[in-house]
Amino acid sequence: MPAASRPAVPPAPPGAPQQQSFLEWLRTPRRVTEPGIWAFGHRPRPAEEPDRIPTPRLVGGAVIAALCAWLLWSLLYYGYLGGYWYWPLYLLTPDSWYSDGFTFSPGWWALYIYEAIALCVVLFLFGRVGHWPELARRLLAPVARRLREQQADPSRPPADPTVDPAQWPELREAGAQSAADRLAQDAQAGLMNDVDHARLTQAWRSVRAHPGRLPAFTDTVLRHGAAACAHPSGARNLPTRGARHDLLTRQVRLGTAADDPRNPYQHRGVGLAVDPGVLGTSLLAVGPAGSGKTVRLVSPVVETLCLQALAGQAAVVAVGAAGAGLGPDHAFDVVVKIGRPDSAYDLDLYGGATDADEAGGILAEALLGDLALTLPGGESQRASTAIAQLLGPFRAAHGRFPSVPELRELLEGSAPAWLALRKVLEATGQQAHARELDVRERQATRAGDIGAVLAERLALLDRPAFADFFRTDGASRPFSLRCLDHPLRVRIDLPERGYAEASRLLARLVLAQFAEGAVSRTDRSLFACLVLDDASYTITPEALRALQRLRSANAGAVLTLRTLDDVPEGLRSALLGAVGCRMAYAGLTTWDGAHFAEVWGKEWVQTQDFTDRQIIADEPFTKVLHFIRRVATGKAVTTQAVTTRTVERERWSASELANSVPPGHAVLSLTSVRGASAPPVLVNLRT
């Protein structure tokens, strides 16, 4: 294809690999060791040496050993210690070698060789004492590593083209030589970015799963090159990036593990990141306002999931208050701004459900989920049944579910609404639904009926600001969370200001709908993730069960809280147990820290106890020496005893979490969907 007809690659936003470094980014080695380790260019640390001598002390010892070696050799060489050390030479060589004409005679050569051997012995002995080999390795290893890195420059193609990822060896092995040549040519010409590479790699995986698609894939690549298999939106990148992403491993970097003794040795100083492999177990982050949950965690995660959606690998639903900073409108495919007249989309109140019982259960969870622990036993099921007894007849009569005002009238027991619905059912011969309506009508007359409570909670959505939302008559563009089998980027803005209770109700509704939509998918190849910025008063018993089901459905959730006090007391420990990834930010309270300390458990560590015991001298000369030392140092002469014990202690105590985590840091523990786990690590989120 002529160069003029090739699609131009979109400009790389800040944070993305620039075009001139795309090949270097692609060829950089990645080492995936433990969950959460930033694999891009990662080099594992050498094995820990418990008895490692500090470098300054090692240098001092080496210098002292060198001076001692020089002093000893000078004393030997110039005869200050006598000539006895020549005796072995004289015993092993004939006397005729040392006759007249000594210069260049056999004795002359033997003497110099013997002295060289003696010098080597002195250097060897003092080198061992001064740890010269260790010092040489420690000083020369960085230089050698730097030379190896220069020789293995990622910008240079490998000598073997079959291992060069820029040459697409997988396509060549499968016989798609022409497609591989076209993609390699576009990569060399700067027409490909990291999103294109990830998208085409994902498309190739589907081709390998269905070999019959190979001709169509090859034809598409030959026609469109790096722009082939594009996202339905046509976008090939995000307008801006604020975090570091590696789409080859699907990771986003969150920060750097602090070089702190409380961190495991292998994690100190390495980058930490998250990916769908750990987000699939769900993540809970707790920290006060201003600790960086949105900027340092939520925004990077939403950003990387949006990039993966453009690559056909994920579907993301980001939920937060209006103006929370989850990303610009043009970075999403669907933006639902509840309560704002400029919203292009509406939210489906029933989550795309067609079954009345299913829709009733979702709506009951949203309306009364936060009261589940305070209601009498069975009230939650009664609420779901009460709503279903109205949704079924209404759908049978009108072919749709009721809107918010219509459902509220029915729950309140409005006589005109009941009469109108019954007439339609009788006219259409829907006797079964008419009997269902009669049962609900009899229950509504009883004292303490759950319908009044449901109507009261539903009234939070029956406000003028929401008049154009939650419509079921087809006059709006409702978005349903049943479409999670498509690579969608969705943002839902909640009406936080002035409608706090309604916002919490909608957050529970979205969480319930997402869980139902993710689990009920027939195609689970895409990773679906719900990012809920501020999940206060959203966690319910049913929500916890839903979080646990997401793991097996290739889905996950990211939840943030200001404090665990926003979760019912009986669910706090269960919440920390239901998620696999936990994050505690600086500024955590001690009672919140106690829950994290409990779930992170304990570990066996070695502790050393030092005991000083005063030495009592018996000899007169020793007493004089002790007196001089006490006058010089001001301390009595003591001897120190060290006791080493193995004890069990908390990985992070509540006090350490509350008082020892610096600003801009957090303690993060991760668990992958395969069961691999990483211990809690102190992370600097600013690097």
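A: In this predicted model, the axes of helix 15 (residues 415-427) and helix 16 (residues 431-444) come within 9 Å of each other and cross at roughly 160°. Angles over 145 degrees count as roughly antiparallel, and helix 15 and helix 16 are therefore roughly antiparallel to each other. Their crossing is left-handed. On the side of helix 15, the contact is made by Trp-418, Leu-421, Arg-422 and Leu-425, which meet His-433, Ala-434, Leu-437, Asp-438, Arg-440 and Glu-441 of helix 16. Sorted by class, the residues in this contact are five nonpolar, one polar and four charged.

Turning to the aromatic side chains, a search of the whole structure finds 15 aromatic pairs. One of them joins Phe-466 and Tyr-499, whose ring centres are 5.1 Å apart and whose planes stand at 55°, so the pair is tilted. Phe-466 counts as buried, at 2% relative accessibility, whereas Tyr-499 is partly exposed, with a relative accessible area of 28%.

Another pair, Phe-596 with Trp-600, has ring centres 5.3 Å apart and planes at 45°, so this pair is tilted as well. Phe-596 and Trp-600 are four residues apart in helix 21 (residues 590-600), which means that about one helical turn separates them. Phe-596 is buried at 0% relative accessibility, and Trp-600 is buried with a relative accessible area of 7%. Ring pairs also link Trp-73, Tyr-77, Tyr-78, Trp-85, Tyr-86, Tyr-90 and Tyr-114 into a cluster.

As for the backbone, His-131 has a phi near 55°, a positive value in a residue other than glycine. His-131 lies in the loop between helix 4 (106-129) and helix 5 (132-151), and it is partly exposed, with a relative accessible area of 36%. Asp-534, also not a glycine, has a positive phi of about 75°; Asp-534 is found in the loop between strand 10 (527-532) and helix 19 (541-550), where its relative accessible area of 24% makes it partly exposed.

Key
Residues are numbered from 1 along each chain as its sequence is written. This is a predicted model: local features need pLDDT of at least 70, side-chain atom pairs count only at pLDDT 80 or more; totals for chains, interfaces and linings use all residues. Side-chain values use heavy atoms; hydrogens and water are left out. Axes are lines fitted to C-alpha atoms, for helices over the stretch in contact, and angles run from 0 to 180 degrees between N-to-C directions. Helices (H or I, at least four residues) and strands (E, at least two) are DSSP runs, numbered from the N terminus. Angles under 35 degrees count as roughly parallel, over 145 as roughly antiparallel, 65 to 115 as roughly perpendicular and the rest as oblique. A crossing is left-handed if the near helix is turned anticlockwise from the far one by less than a right angle, and right-handed if clockwise. Contact means heavy atoms within 4.5 Å. Ala, Val, Leu, Ile, Met, Phe, Trp, Tyr, Cys and Pro count as nonpolar, Asp, Glu, Lys and Arg as charged, and the others, Gly among them, as polar. Buried means under 20% relative accessible area, exposed over 50%, partly exposed in between (1.4 Å probe, protein chains only). Rings of Phe, Tyr and Trp (its six-membered ring) pair if their centres lie within 6.5 Å; planes under 30 degrees apart count as stacked, over 60 as edge-to-face and the rest as tilted.
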